[in-house]
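Please read them with the structure open.

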Amino acid sequence: MNFMFSFFILIEIFIFIMGLFVIFKKMALLSSESYCYSVTLVFAIYSLSIQIFFLLHLQGFFYIFDCCIFIFSFYQIWRGKTYISLALQELTHLYKQQKFILSLMICVCFYLFLQVLLLPPNNWDSMTYHLSRVLLFQQEGSLFLKNFIRNAQAT
């Protein structure tokens with residue numbers, strides 16, 4: 001079950017990145033610029049929106065916001081299919097020119113993808129602070145914790 005949950009979250013992030021990629025590509029940016037801006041903006045939007053929903057004590061409604069983002073991104077992808085096909089043609093052309101470097105990058109990215117998908121976060125730091133902090137935030141419904149055991153968990 002955790003595998004499927006992780007897989008669907010990664011697919012959702014990928015679709016959001018592709019939706020923003022199409023928007024940036026329509027602005028006549030290079031594919032590499034569009035991709036970099038998209039990745040940065042996706043994680044900035046998610047970070048900001050999660051914090052806002054927690055600060056407003058509306059974290060239960062974040063899933064609605066998340067669904068709206070998904071629908072918006074899917075619509076952008078559907079409208080910008082030509083931009084995606086042009087980017088794929090550029091990538092194919094680059095692969096023909098630089099087979100070794102691009103093959104190496106694909107292998108590294110695939111390895112990292114498998115790590116994200118298959119390996120749960122089970123080191124001491126994430127189990128002690130990071131994951132427990134998220135659960136505390138969810139339990140209290142706020143980013144400002146009142147009940148915690150260690151100060152490091154709340155900061």
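**Notes on helix packing and cores**

1. Helix 2 and helix 3 run roughly antiparallel to each other, because their axes cross at roughly 155° and angles over 145 degrees count as roughly antiparallel. The model is a predicted one. The two axes come within 10 Å. Helix 2 passes helix 3 in a right-handed crossing.

2. Which residues make this contact? Helix 2 supplies Ile45, Tyr46, Ser49, Ile50 and Phe53. Helix 3 supplies Phe62, Phe65, Asp66 and Ile69. By class, the contact of helix 2 with helix 3 holds seven nonpolar residues, one polar and one charged.

3. Now the pair further along the chain. Helix 4 covers residues 81-97 and helix 5 covers residues 99-118. Their axes come within 5 Å and cross at roughly 115°. On helix 4 the contact uses Leu91, Leu94, Tyr95, Lys96 and Gln97. On helix 5 it uses Lys99, Leu102 and Ser103. The residues of this contact divide into four nonpolar, two polar and two charged.

4. What makes up the largest nonpolar core? It has 10 residues: Ile13, Phe16, Ile17, Leu20, Phe24, Val42, Tyr46, Phe53, Phe62 and Ile69. Helix 1 (2-26), helix 2 (31-55) and helix 3 (62-79) each give two or more residues to this core. Helix 1 gives the largest share, five residues. Apart from this core lies another, of seven residues, including Ile15, Val22, Ile77 and Ala87.

5. Look at Val42 within the largest core. Which residues does Val42 contact, leaving aside its neighbours within four places in sequence? They are Ile13, Phe16, Ile17 and Leu20. Tyr46 and Phe53 belong to the largest core and also take part in the contact of helix 2 with helix 3. On the helix 3 side, Phe62 and Ile69 are in that contact and in the core as well.

6. Is Ser73 buried or exposed? Ser73 sits in helix 3. It counts as buried because its relative accessibility is 1%, and the cut-off for buried is under 20%. Not counting residues up to four places away in sequence, Ser73 touches Ile15, Phe16 and Gly19. Of these, Phe16 is in the largest core, while Ile15 is in the other core.

7. Arg79 is also placed in helix 3. At 45% relative accessibility, Arg79 counts as partly exposed. Arg79 and Val22 are 57 residues apart in sequence, yet 8.6 Å apart in space, C-alpha to C-alpha. Val22 is one of the residues of the seven-residue core.

8. Two backbone points deserve a look. Most residues other than glycine have a negative phi. Ala28 has a positive phi of about 65°, although it is not a glycine. It is placed in the loop between helix 1 and helix 2. Ala28 counts as exposed because its relative accessibility is 69%.

9. What is the phi of His57? The value is positive, near 60°, again in a residue other than glycine. His57 lies in the loop between helix 2 and helix 3. At 52% relative accessibility, His57 counts as exposed, since the cut-off for exposed is over 50%.

Methods. Residues are numbered from 1 along each chain as its sequence is written. This is a predicted model: local features need pLDDT of at least 70, side-chain atom pairs count only at pLDDT 80 or more; totals for chains, interfaces and linings use all residues. Side-chain values use heavy atoms; hydrogens and water are left out. A nonpolar core is a set of buried Ala, Val, Leu, Ile, Met, Phe, Trp, Tyr and Cys residues joined through side-chain atoms within 4.5 Å. Buried means under 20% relative accessible area, exposed over 50%, partly exposed in between (1.4 Å probe, protein chains only). Helices (H or I, at least four residues) and strands (E, at least two) are DSSP runs, numbered from the N terminus. Contact means heavy atoms within 4.5 Å. Axes are lines fitted to C-alpha atoms, for helices over the stretch in contact, and angles run from 0 to 180 degrees between N-to-C directions. Ala, Val, Leu, Ile, Met, Phe, Trp, Tyr, Cys and Pro count as nonpolar, Asp, Glu, Lys and Arg as charged, and the others, Gly among them, as polar. Angles under 35 degrees count as roughly parallel, over 145 as roughly antiparallel, 65 to 115 as roughly perpendicular and the rest as oblique. A crossing is left-handed if the near helix is turned anticlockwise from the far one by less than a right angle, and right-handed if clockwise.
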